[in-house]
There are 2 protein chains.
Amino acid sequence: MDPDLSALDEFLSDAGHDGYLLHAGSDLADQYYLSGFDAPDPFVTLYTPETTALLVSGLEYGRAKNEARADAVRRHADYDLHAKAAEHGRREAFTRVLVAFLEEFGVGDVATNGRFPLGVADALRERDVALTADRDDHVGDARAVKTEAEVESVRVAQRANEAAMRAAEDLLREADTESGVLRYGGDPLTAERVKEEIEVTLLRHGCALDETIVACGADAAEPHNRGSGPLRADEPIVIDIFPRDKTSKYHADMTRTFVKGTPSDAAREFHELTRAAFDAAFDALEPGATGADVHAAACEVYEDAGYPTLRSDPGAETGYIHSTGHGVGLDVHEAPGLSDSADVELEAGHVVTIEPGLYDPDVGGVRIEDIAVVTEDGYEDLTDYPVEWVVE
Amino acid sequence: MDPDLSALDEFLSDAGHDGYLLHAGSDLADQYYLSGFDAPDPFVTLYTPETTALLVSGLEYGRAKNEARADAVRRHADYDLHAKAAEHGRREAFTRVLVAFLEEFGVGDVATNGRFPLGVADALRERDVALTADRDDHVGDARAVKTEAEVESVRVAQRANEAAMRAAEDLLREADTESGVLRYGGDPLTAERVKEEIEVTLLRHGCALDETIVACGADAAEPHNRGSGPLRADEPIVIDIFPRDKTSKYHADMTRTFVKGTPSDAAREFHELTRAAFDAAFDALEPGATGADVHAAACEVYEDAGYPTLRSDPGAETGYIHSTGHGVGLDVHEAPGLSDSADVELEAGHVVTIEPGLYDPDVGGVRIEDIAVVTEDGYEDLTDYPVEWVVE
């Protein structure tokens with residue numbers, strides 16, 4: 001099932017652009033989405049409502065012809081890059097090749113992804129190609145609404161994620177406690193060791209990942225701290241896993257917080273409030289609600305209990321210091337956001353996280369995160385993992 | 001040992017720029033190199049010869065203050081992002097915050113990485129900030145010359161790489177052959193299974209990686225085809241591994257080609273020629289030589305034997321269809337390149353691959369790749385792995 005690009009076509013037509021131009025490797029999600037081609041080094045995709053054309057190096061030409069979702073594939077040599085480089089130098093030659101490619105497809109005015117490289121943009125503008133950065137990110141908006149096949153890809157990645165979380169929880173469960181520090185197989189159980197277990201499990205399930213968070217104590221009070229060193233008993237341990245399925249390239253995302261032993265009263269309150277904020281956010285998740293509505297539902301729980309949120313205090317360093325969620329797909333963070341400024345209405349097919357949390361260096365961090373798809377009449381939680389936190 | 005940025009300072013001074021501006025996550029190597037800060041979402045680094053200042057979200061503020069190699073860290077809230085967003089919308093508010101940040105540091109004219117995002121650039125230009133894409137990539141040139149500590153990081157990653165290659169070769173060695181297909185533990189031995197072994201080994205050695213190439217037969221004749229499916233006896237199997245050490249973020253890179261069984265005469269000639277091209281390229285590797293000189297040395301071996309190269313036929317689809325090597329560091333592909341157009345002289349501290357290969361769908365692919373550092377009087381091969389290919 002191909003994605004629905006009708007809103008993109010409408011934007012191009014309304015704004016008077018001939019097409020949409022990308023210059024990036026497939027690590028840029030828009031590039032993979034529009035081209036269907038997976039290549040590490042930058043290549044060019046020209047999307048028009050009529051045609052999708054790629055411009056690639058000779059090295060990628062064979063693969064691009066076989067694998068890309070494109071009507072036409074050109075390579076640099078088709079426009080005499082080699083001769084042009086001998087005469088003008090490589091950079092100027094590439095610009096001339098790109099201009100010739102655009103001319104072949106009758107394109108002189110393009111919108112680009114906001115992250116289009118400035119160096120290439122200025123070189124094209126010097127040759128009278130009109131480029132306008134698409135600040136409203138129409139490709140990102142198209143990507144945000146998933147087809148059934150895309151939701152299934154997220155579901156597959158989430159199954160791997162659950163296996164990895166289970167492997168991590170099992171390590172905590174099997175660990176002993178000695179002088180307040182967890183031990184496993186005779187050694188201190190470190191954040192690094194738990195991450196290794198998670199990552200090996202994900203690899204065995206066909207997933208890759210850049211980073212995993214296993215953070216304990218004060219580390220966990222910084223939401224993006226990945227955590228390091230020995231894990232301690234009686235303190236919250238935040239485990240946040242966001243793998244990418246290698247085959248589909250779609251992500252999943254889930255967080256659980258565990259305590260091995262006995263949580264403090266303060267940590268217990270953090271977890272209870274976060275569970276309540278999590279439930280409140282899910283109650284607000286439905287088509288027609290905005291991301292800000294869902295975020296507000298979570299914030300209210302915390303604010304009512306006297307904790308700062310970014311809504312009540314934008315400079316807060318403790319309390320609820322991030323947004324309630326984000327879209328997940330080819331990027332682990334993508335549209336739609338569930339934050340104070342998110343005024344776009346949610347719609348069926350949006351895949352988002354719900355991930356409230358409370359943070360204070362004196363208590364630690366607590367976060368709970370599920371991933372869900374918005375449906376016609378509410379949502380379907382794609383996560384199948386209990387929200388239990390005390391590990392005996 | 002801090003990197004030598006004197007050439008960058010000189011460029012800024014000569015060109016009349018106040019500083020160098022980056023807007024990217026640390027996946028952009030220049031960003032990590034100049035900021036020393038590892039964060040997935042885009043943040044801002046302003047480098048001037050006097051100071052390095054970061055602008056980050058509240059979510060990253062605590063970590064940035066602790067971890068970044070910066071003289072000053074600011075967060076969006078320091079310039080009232082929240083109030084500005086309420087009045088002007090989030091995008092315009094971010095632009096105003098960025099302008100206020102630049103004003104605080106007295107900066108009105110900046111050079112940027114060529115990949116600076118066009119959307120941010122155009123918004124700043126509308127507010128009279130002068131931005132010029134640094135098309136000569138001065139930060140990339142600085143990154144290309146490694147300190148001793150950086151070379152050591154590559155060496156550590158390369159040790160992990162060798163362990164992974166050993167694990168892969170052992171799988172091939174222990175496999176049986178049945179009806180021309182390799183079998184291991186009763187199942188067909190697939191490219192995917194070998195990659196899993198490689199990747200688990202790398203994880204156990206503290207490395208991450210996005211992709212690995214294990215390609216057999218016609219797959220291997222496309223240099224960037226990652227390979228899939230059952231591996232076959234008597235055909236060249238290209239294994240190309242390029243891990244990133246998770247702690248240092250530096251890469252290694254190595255390729256070996258194996259045959260389980262008996263190679264064809266054609267494949268044998270491919271390997272002999274590639275070994276000769278490999279030796280010739282290393283013979284040419286020394287400070288003062290250009291990347292083109294090293295590439296020419298490899299090309300001559302193939303051309304003398306009657307095979308096309310990109311130098312003799314820029315549109316060639318078989319033969320020697322890529323360049324001889326590339327720099328390796330925070331990026332797996334970085335400066336300096338060893339290609340026909342590489343006219344910059346190599347210097348001590350450059351870390352490069354030497355990786356000639358021959359490709360033909362009827363024969364398969366053969367590639368041999370080591371990684372080396374250019375020294376004052378030649379080079380030091382950082383690779384410790386034999387170049388043997390027939391696996392009994």
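Between domain 1 of chain A and domain 2 of chain A, six residue pairs are in polar contact, both residues of a pair being at pLDDT 80 or more. The model is a predicted one, and this description follows two of its interfaces, beginning with the one inside chain A.

On the side of domain 1 of chain A that touches domain 2 of chain A, the elements that give two or more residues are α2 (29–35) and α7 (138–144) of chain A. Of the elements on this side, α7(A) gives the most, with four residues. Sorted by class, the side of domain 1 of chain A that touches domain 2 of chain A holds four nonpolar residues, one polar residue and three charged residues.

The bounds of the two parts are 6–143 for domain 1 and 145–391 for domain 2 of chain A. Their C-alpha centres are 37 Å apart. Contact between them involves eight residues of domain 1 of chain A and ten residues of domain 2 of chain A. The area that these domains bury between them is about 750 Å², and carbon and sulfur atoms account for 44% of it. Three salt bridges are counted between domain 1 of chain A and domain 2 of chain A. A salt bridge also joins the side chains of A:R143 and A:E334, with an N to O distance of 2.6 Å.

The second interface is the one between the chains. Here 55 residues of chain B are in contact with 56 residues of chain A. The buried area between chain B and chain A is about 4800 Å², with 46% of it coming from carbon and sulfur atoms.

Charged side chains pair across this interface: 14 salt bridges are found between chain B and chain A. A:R204 and B:E196 form a salt bridge in which the closest N and O atoms are 2.5 Å apart. Polar contacts between chain B and chain A amount to 29 residue pairs, both residues at pLDDT 80 or more.

At least two residues each are supplied by α3 (58–67), α5 (90–104), α6 (118–126), β6 (130–134) and α9 (191–204) of chain B. The largest share of the side of chain B that touches chain A comes from α6(B), which supplies seven residues. By class, this side of chain B is made up of 25 charged, 18 nonpolar and twelve polar residues.

Note on methods. Residues numbered from 1 in each chain as written. Chains lettered and ligands numbered in written order. Predicted model: local features only at pLDDT ≥ 70, side-chain atom pairs only at ≥ 80, totals over all residues. Heavy atoms only, no water. Contact = heavy atoms within 4.5 Å. Buried area = accessible area lost by both parts, 1.4 Å probe. Salt bridge = Lys/Arg side-chain N within 4 Å of Asp/Glu carboxyl O. Polar contact = N/O pair within 3.5 Å; in protein donor to acceptor, adjacent residues only side chain to side chain. Nonpolar A, V, L, I, M, F, W, Y, C, P; charged D, E, K, R; others polar. Domains from an automatic or database assignment.
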